[in-house]
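Colleague: Could you take me through the surroundings of the ligand in this model, step by step? I am new to this, so please also show me how the neighbouring parts pack.

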Amino acid sequence: MSGGAEGKKVAIVGGGVAGLAAAHRLQALAASSGESLQIVLFERDRVFGGKVQSRWSKAGLLIERGPDSFLTRKPALLDLIGEIGLTDQLIATQGSALSSFIYRKGRMRRLPPGMGALVPADLFRFLRSDLLSPGGRLRVLRDLWLSPPPDGDLSLRELIGPRLGDEFLTQVAEPLIAGIHSAEPEQMSVAATVPGLLTLLTRDRSLIRGARRQMRARSGPTSPPFMSLRDGMGSLVSALEGQLGAVERRLGSEVQAIAKAEGRLRLRAKGADMGGKEELVDAVVLATPAHLATGLALPLWPDLAQELAEIPAHPVLTITYAYLRPEIEQVLPGHGWLVPRGEGTWMRGATVMTNKWQGRSRSSELVSIRAFLGGAGQAALNEVADDRLIEQVADEVGRLLAVSARPIEATVERVLEGNPEYRVGHIERVARIDQLLDDIPNLAVAGASYRGIGLPDVVRSGQEAAARVWKGLHGREGEADTVIR
Ligand SMILES: Cc1cc2nc3c(=O)[nH]c(=O)nc-3n(C[C@H](O)[C@H](O)[C@H](O)COP(=O)(O)OP(=O)(O)OC[C@H]3O[C@@H](n4cnc5c(N)ncnc54)[C@H](O)[C@@H]3O)c2cc1C
């Protein structure tokens, strides 16, 4: 493509955080170059935000559909929050002295300090904890003398099993890492999900030695590793949307097909706001989960579609319960707990939202506990009716905390296209997708399916997709690109 962008139009398919960040960045690129650009943002749902939505329940709890916080170490989201004027709404985790727990064999077991990188950096405290059996704790020491594996990707099981032992894998690593990533440890790509572990091995030849070095290097005050927004993560979406100026918004419009027409791309969408209309554009950003982009890519770019189809996502469910504080306060385990598979629960873990963040309940008399279910291998739970889910998981909360208290309210959220699963070989797959896109300068993909599921990575992917289609339209990079970190 060549020439100026006069009259050029870009369609963004998907109005989650990736699509919104792409729209925001494209708008900035156009503004900084003084060139006009039409941007159309299609969103299948009636609201923007995708997985990121916040609302208040009847009892007065803040309900998050997806994320309740984000990692501050990667700057893209913090920078964006600064750009859109939300910095004064940032809140840090409260009660930093509070721990998280793993429920195992009838008891909540405190995660000892120094487990931030998943690996026990503080061996003394780990060995004295009750996190694993005595044999399971001693078994991790093998990591200190085992040679690093050959270069290349491997599964969580292949990395952790031989080095830290099977007990550590199933009781600690799997709930901590694979649970969040909706993945089975046998399939989960270490290089794509926890690349830091491979860096430790390359540098220190041992996970434990590497984690210890990192811990020592972190002495002195550090900024909070996780932050949230005062009124919930949904504020990010409303603030971003509020800044989209002239971007055309097509809510309730599901893009169903992309074809070539008149040297441009023609999008066909179903939905009230489209009224059956078709849209001719010069470039497209596909900001839906990869497997949903497959059908859109198939007719024009079958090789790309084939790669996209190989990045699955699994339903994730959350239930946010309101408990009366006096009935449960005494037994609350810090910021929350995780449950390894094999403990006979549907829930994979829970966050005590009112312990972790300020302002998660309008009443100080209520405690908010948010349970997580689903992910790889648990898709059948999505078939279970709300009432049954609420009962079962409330029973589990009662059993795990050994209380008879019952919740006074429960809110179920179902995220059908939950977190994508990065399987072994994911990085090579994304590299092949990039290569295929090199030949399609008017197309970009963005979102959690590619280079990280956390919000900072998702924001970055939207911004990079914007930069890519801008370059495709202009044959040169835009000025606002330089700020991408
Ligand atoms: C329960 C849960 C908890 C999480 N917790 C955290 C956390 O604490 N911290 C963190 O950093 N991350 C967390 N995540 C991950 C993070 O929320 C997601 O990775 C991120 O929000 C994904 O954004 P996205 O824009 O890529 O995709 P999505 O949010 O899925 O947005 C894609 C959008 O595309 C739309 N769409 C799909 N097909 C079409 C079509 N054909 N036409 C038009 N629109 C279409 C969808 O309706 C959707 O709105 C969590 C995720 C879940 C599910």
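Modeller: Start at the ligand itself: 37 residues surround it, and G14, G16, G50, P67 and G447 are the closest of them. Please keep in mind that this is a predicted model. By type, the residues of the shell around the ligand split into 17 nonpolar, 13 polar and seven charged.

Where do these residues come from? At least two residues of the shell are supplied by each of α1, β2 (38-43), β11 (254-261), β15 (316-324) and α17. The biggest share is that of α1, which gives three residues.

Now step back to the domains. The assignment for the protein chain lists domain 1 (9-50 + 233-312 + 422-483), domain 2 (54-72 + 91-96 + 313-415) and domain 3 (114-217). Domain 1 and domain 2 both give residues to the shell around the ligand, so the ligand lies between them. Taken over C-alpha atoms, the centres of domain 1 and domain 2 are separated by 33 Å. Eight residues from domain 1 and eight residues from domain 2 make up the contact. On the side of domain 1 that touches domain 2, five residues are nonpolar, three are polar and none is charged.

Let's return to two of the helices that supply the shell, α1 and α17. Two packed helices are described by the angle between their axes and the distance between the axes. For helix α1 (residues 17-33) and helix α17 (residues 455-474), the axes come within 7 Å and cross at roughly 45 degrees. Because of that angle, α1 counts as oblique to α17. Their crossing is right-handed. On the α1 side, the contact is made by V17, A18, G19, L20, A21, A22, R25, L26 and L29. Facing them from α17 are L455, V458, V459, S461, G462, Q463, A465, A466, A467 and W470.

Helix α17 has another partner to look at. Helix α2 (residues 75-83) packs with α17 at an angle of about 75 degrees, and their axes are 7 Å apart. That angle is why α2 is described as roughly perpendicular to α17. Here A76, L77 and L80 of α2 meet L455, P456, V459, R460 and Q463 of α17. The residues of this contact divide into six nonpolar, one polar and one charged. If you follow α17 on your screen, you will find L455, V459 and Q463 in its contact with α1 and again in its contact with α2.

Helix α11 (residues 290-297) and helix α12 (residues 302-309) have axes 8 Å apart, at an angle of about 160 degrees. So α11 is roughly antiparallel to α12. The crossing of α11 and α12 is left-handed. From α11, the residues A290, H291, A293, T294 and A297 meet L304, A305, L308 and A309 of α12. Seven residues of that contact are nonpolar, two are polar and none is charged.

Definitions and conventions: Residues are numbered from 1 along each chain as its sequence is written. This is a predicted model: local features need pLDDT of at least 70, side-chain atom pairs count only at pLDDT 80 or more; totals for chains, interfaces and linings use all residues. Axes are lines fitted to C-alpha atoms, for helices over the stretch in contact, and angles run from 0 to 180 degrees between N-to-C directions. Helices (H or I, at least four residues) and strands (E, at least two) are DSSP runs, numbered from the N terminus. Angles under 35 degrees count as roughly parallel, over 145 as roughly antiparallel, 65 to 115 as roughly perpendicular and the rest as oblique. A crossing is left-handed if the near helix is turned anticlockwise from the far one by less than a right angle, and right-handed if clockwise. Two residues are in contact if their C-beta atoms, placed from the backbone, lie within 7 Å. Ala, Val, Leu, Ile, Met, Phe, Trp, Tyr, Cys and Pro count as nonpolar, Asp, Glu, Lys and Arg as charged, and the others, Gly among them, as polar. A residue is near a molecule or strand if its C-beta atom, placed from the backbone, lies within 6 Å of it. Domain bounds come from an automatic or database domain assignment.
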